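Hi everyone, thanks for making time today.

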Amino acid sequence: MTNEVNYRTVRRLASQMLEEEVAFWMKHGKDPRGGFYGVVDERGRPDAFAERGLVQQSRHLYAFTALAEAWDSRLDLVEIAQEQYQFLKKYQNPETGLFYFRKDYSGERKTDAGSSLYANAQAIYALATYGKSMDDREAVQIALDCFMALDAATHDPIHGGYTEEKMDIVFFRGADKASNSHLHMMEALIALYRATENVKVQERLDELFTVLSQKIYDPASPIFAYELFFKDWSASPVSTIGYGHALEAAWLLKAAADTLGKNESIIAEPVAKQAISKSFDTKRGGVFDEAGRDGTFLTSNKIWWPQHEALLALDMVYSSALDPKVLEQLFSILTWIYRKQNDPNFGVSRWEVDRHGEPQGGKLDLSSEWKASYHSIRSLIQLSSE
């Protein structure tokens, strides 16, 4: 079978999966009162009064903006994106320019007034993407204002990158910096620079490209893909190894290099190949997410989002050399998602499943504060596009 036919097979399956994914979110996730439900359980039933996190609502804005753009500005998708933009604006603190971490179901009452580097990066990413796609200058300006406030509060002028000591909400202990926050800041600044061509945004994006490619994800480094660091970028002793984040960072490094006009995008492929070589399940397909410092995986179960980031990383590698082995890995992961990770009744991924595709880990909800539409919709748009 030729590479061309194989990729047609990938595209057909990805297109089918994308249709099912979108149908789920439109039928079960969208709240006619505004925004997306904070929780949808394993039976597709929404909790109409669950709290709603900034990360979740930002990711839905990104996903439906990307869908509207990919599907020729389909009117219903444009309307959902526009409505979601109005809902997300309710999260902004007018005094600081930053966004609140969590609000109630209506978006009117703060239930957690703190700010998070990670969560604000997600808001910037969504708003910049929406503003550029919809030619909405207000959205772009809100994203830029948020970045300026976030940068002023958290940028490390000595070692580069961002510290979280001035943030109200931090997701880790025993370190000063996290790879996860930095790859999502880079993701946000790619979108923001494309929307603004702002010089300061460009400088910070260039800095983050260097940090991620030389400090965190250098394939030749003994601390490749560590998750937690001190200010000087030495690895924290409590850090695990995050292959899921390495896969996500790989294709983002290429996107950053392309956005900046750099020739160094070549670093992206070794990062992807190293992460795949460590995390790919050769027996069943799919990838494992995280390992201890000795390389032992923390669980034999599979989490949904690294599967989708692996698709994007492998698609990037395959597109440069058309290696059939890479295509086989890509199709293996896509098939794993379709047959095992996805709920057979709704066509949307479960958070965590075992090797038989049975839900594990106690996180049974199909949608929750940390499980939204953007990982899956983003990867499936890419694989299903011509």
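Which residue forms a salt bridge with Asp156? That partner is Lys177, and the closest N and O atoms of the two are 2.8 Å apart. Before I go on, please keep in mind that we're looking at a predicted model.

Now, where do these two residues sit? Lys177 is in strand E6, which covers residues 177–178, while Asp156 is in the loop between H5 and E6, so the pair links distant parts of the chain, 21 residues apart. Lys177 is buried, with a relative accessible area of 0%. Asp156 is buried as well, at 6%.

Let's move on to another pair. Asp281 and Lys302 also meet through their side chains in a salt bridge, at 2.8 Å from N to O. Here Asp281 belongs to the loop between helix H9 (268–279) and strand E9 (290–291), and Lys302 to strand E10, residues 302–303; these are distant parts of the chain, 21 residues apart. Both residues of this pair, Asp281 and Lys302, are buried.

Asp151 counts as buried at 3% relative accessibility, and Arg204 is buried at 14%.

Finally, there's a network of salt bridges that links Glu51, Arg102, Asp112 and Glu369. And how many salt bridges does a search of the whole structure find? The total is 21.

Definitions and conventions:
Residues numbered from 1 in each chain as written. Predicted model: local features only at pLDDT ≥ 70, side-chain atom pairs only at ≥ 80, totals over all residues. Heavy atoms only, no water. Salt bridge = Lys/Arg side-chain N within 4 Å of Asp/Glu carboxyl O. Buried < 20%, exposed > 50% of the residue type's maximum accessible area, 1.4 Å probe, protein only. Helix = DSSP H or I, 4+ residues; strand = E, 2+ residues; numbered from the N terminus.
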